[in-house]
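Here is a short report on helix packing and strand pairing. Please read it alongside the model.

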Amino acid sequence: RLASDGSRRVELVFRYAISSYEKGHYTIPAAELIVDGEKVRTEPQEIEILDDMALQRQEAQVGGRPVPYYAFFQTTKTTPFIGEKVPVELKVYFPYNQQVQDWGIPDFERDGVSVWRFKPLQSYSPGAAKLGGRDYSSVSYPSTLSANREGKVKIGPATLRLQTFQLTSGRPSDEPANLEIQPLELNVRPLPPGAPENFQNAIGSFKLDVSAGETEIHEGDPVSVTIVVRGTGNLDIIQAPKPLDGDGWKLYDAIPNQRGEERAEMSGVVSFTQLMRPLRTQSNIPAFTFVYFNPATEKYETLLSDAIPLRVLPSTNPPAGNLTAPKALPMPLEQMTDILEAIPNPKGLLGSSLHLPPGAWQIIPALIVAALLARMVLSQISSRVRKDPDAIARAKELREVERAPDERAAFYRAAGHFVERWLGDKKDPDVTALLTRRDEIAFRPESATMKIDRSERGQVLSTLKKLALPLIAASLLLTPGRVKADDAPATGPDTPQKAYQESRYPEAAKMWLESGPFDRLSSDTLFNIGNAAYRLGAPGEAALYYRRALARDGAHAEARQNLRFLERKFGSVTVQSADYQHFIAKLSLPAWRNMIWAGGWLIVIGLLVFAAGIRAPALRFAGVMALSFGPLVGALGGIGSHYYPDDARFAPLAEQMVVVSEQAVVRTDAARNSPQVITVPAGSLCRLVSRSGDWTYVEFASDAKSRGWVARTDVEPLIPTSPPEPPKVHPHTTLEGNNA
């Protein structure tokens, strides 16, 4: 079989049949066998034997006839601890004489629980059972769940749509059977108090194994440590164990090795790669500790690995005096094994209520150009008009008054001289008052060294300007409106961030989505909704919200990085972009396009500076710089815009759709029994062509531009036409009557 790491492994299956004659809870003991000389031990399995007489029979309408069936949820533990991962199973018994072509995927409600997706076991044909003297086919839908809060929680009610084959009047037809399943209630207990300091919500029964890739390193080199946690429990949320004594070590973030479909299983292995560099001479790698809660013993338990001997050799690097340039290293590839986490303190749940046009900034260079053009026009007009020499002299002397020293006597003498020369014939009380003030101050010895107050100086100059110069004021005051601050993140006892940290992903997504109108949600909020969708097992919904965050902010680095990771992991059909295009995407597409405009404005401003005859050295230098950098800025903007990874070139945002189901079957016609074209995984990008009832005709962003019909529930529009619902797990579409 193909393993999760891409390698091929031999798998040998031993199948046993077990029967019981009494109802109750039983444990199948662990089995041991020798493989290549090594003893391998399985995990014990718990089973629940039910009393068939206690089962509740129900009826479904199939082709207008009632058909009996049994369907219910069951678990081996009805009083789990909060956060404990327990097995849950949906069991369906349908009459043996009914030919079922497609057993379907259940659609169920959750209240206080996180549940991995249900899908029927297809490794063998449906089982057989006799209930109430009648033969039934039985199918099991195994999964796991964990409770997110204390007290009463439940899974269900649920609906399940089967597709049956019927002969009506001698003609074959497909008839659906809609089954109703009652909810299963659980009573969740809190974890006991007194948790150790290093407890990180690991619940189950585990073993710890720590090994080092090499135990002999040189000074300054890091050592790679592999940490393996195996056992039964909530392995999918386990965090990397920490060293017991990290003093003297530089610890890097531990890299988890991604778990695939085995995340739905109770037992398994999770491993981490921990890079650590000694900051001083060390003789061993410290022991690692792992704390977990064992629900079987209802106690906290601590695992401690052995210290690993380490030998640190002298460094082989050249001495500090060697000035040889270090060799350039290649750009590392992303080796993500999980998404970047939710943004803990986003700038705001909602975006700004003031939306400026994308090109509003161009008002500034436009005003500069207008001012330069106005100067050119005025210079042409002024050259043809005879200037008044008295007006020129009056303006010159007024500027000298403005530059007068701060001593009161000297300033008032200069002001009085200006009034007597140019305003002496004016019968104005302000003129008289100013001259009287001059006489009182300017000729007294004690005023020679006294400083004039700034407000008094300004008042006198304002009076002179009012009296001496014609007031032609044409000023446009641009007072920017106050931008309403982003809505503060929700506060209170229960917040979206708190729900996310407590693994209550559906609640976190719902609270983030309902924090305001959808068209005002910030890109950070949409990104966090995508993370919650991924954590609850809906990668298609996660891709949808990452793309919605990018539609809101094309330079949202976290959304673009998580989307790349998700598309690589699931093999989504998307517009392919080169690595350098992802680097270009660090700036948004509008930013690159604005650079083109900015380059053009710089060239125009630089030319007008010289055309307007401006002689100020600083402004002429600015003009030279504008002419030098304008073409460069414009060229960079053009290159960035041309090579930007813009999915809108495939289809406008309003026509883009994202596959939200785990797998979507593309068919040649809008019917379940029509031939299959292609199967596409979650997160794939497509373009809406048309709709017909419950089907959507789409074109995928592949090189072949494949087209076909998909179920309407398998895809969601990138730009919603109505308020969207919170993310939920979408079962994958079935192929030709069998589950993919």
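H9 crosses H10 in a left-handed sense (the near helix is turned anticlockwise from the far one by less than a right angle). The model is predicted: local features need pLDDT of at least 70, side-chain atom pairs count only at pLDDT 80 or more, and totals for chains, interfaces and linings use all residues. Numbering starts from 1 along each chain as its sequence is written, and side-chain values use heavy atoms, without hydrogens and water.

Helix H9 covers residues 539-552 and helix H10 residues 557-570. Their axes come within 9 Å and cross at roughly 150°. That makes H9 roughly antiparallel to H10 (angles over 145 degrees). In H9, the contact residues (heavy atoms within 4.5 Å) include Tyr-546 and Leu-550. Among those they meet in H10 are Leu-563 and Phe-570. By class, the contact has ten nonpolar, one polar and three charged residues.

Now the strands. Pairing requires at least two DSSP bridges between two strands. S19, S24 and S25 form an open antiparallel sheet, in the order S19-S24-S25. S19 and S25 stand at the edges with a single partner strand each, so one side of each lacks a neighbour in the sheet.

| Antiparallel pair | Bridges | Residues opposite |
|---|---|---|
| S19 and S24 | Two | Lys-242 and Thr-289 |

S15 spans residues 184-188, and its side chains alternate. Leu-184, Leu-186 and Val-188 point to one face and are buried (under 20% relative accessible area, 1.4 Å probe, protein chains only).

Note on methods:
Helices (H or I, at least four residues) and strands (E, at least two) are DSSP runs, numbered from the N terminus. Axes are lines fitted to C-alpha atoms, for helices over the stretch in contact, and angles run from 0 to 180 degrees between N-to-C directions. Angles under 35 degrees count as roughly parallel, over 145 as roughly antiparallel, 65 to 115 as roughly perpendicular and the rest as oblique. Ala, Val, Leu, Ile, Met, Phe, Trp, Tyr, Cys and Pro count as nonpolar, Asp, Glu, Lys and Arg as charged, and the others, Gly among them, as polar. Buried means under 20% relative accessible area, exposed over 50%, partly exposed in between (1.4 Å probe, protein chains only).
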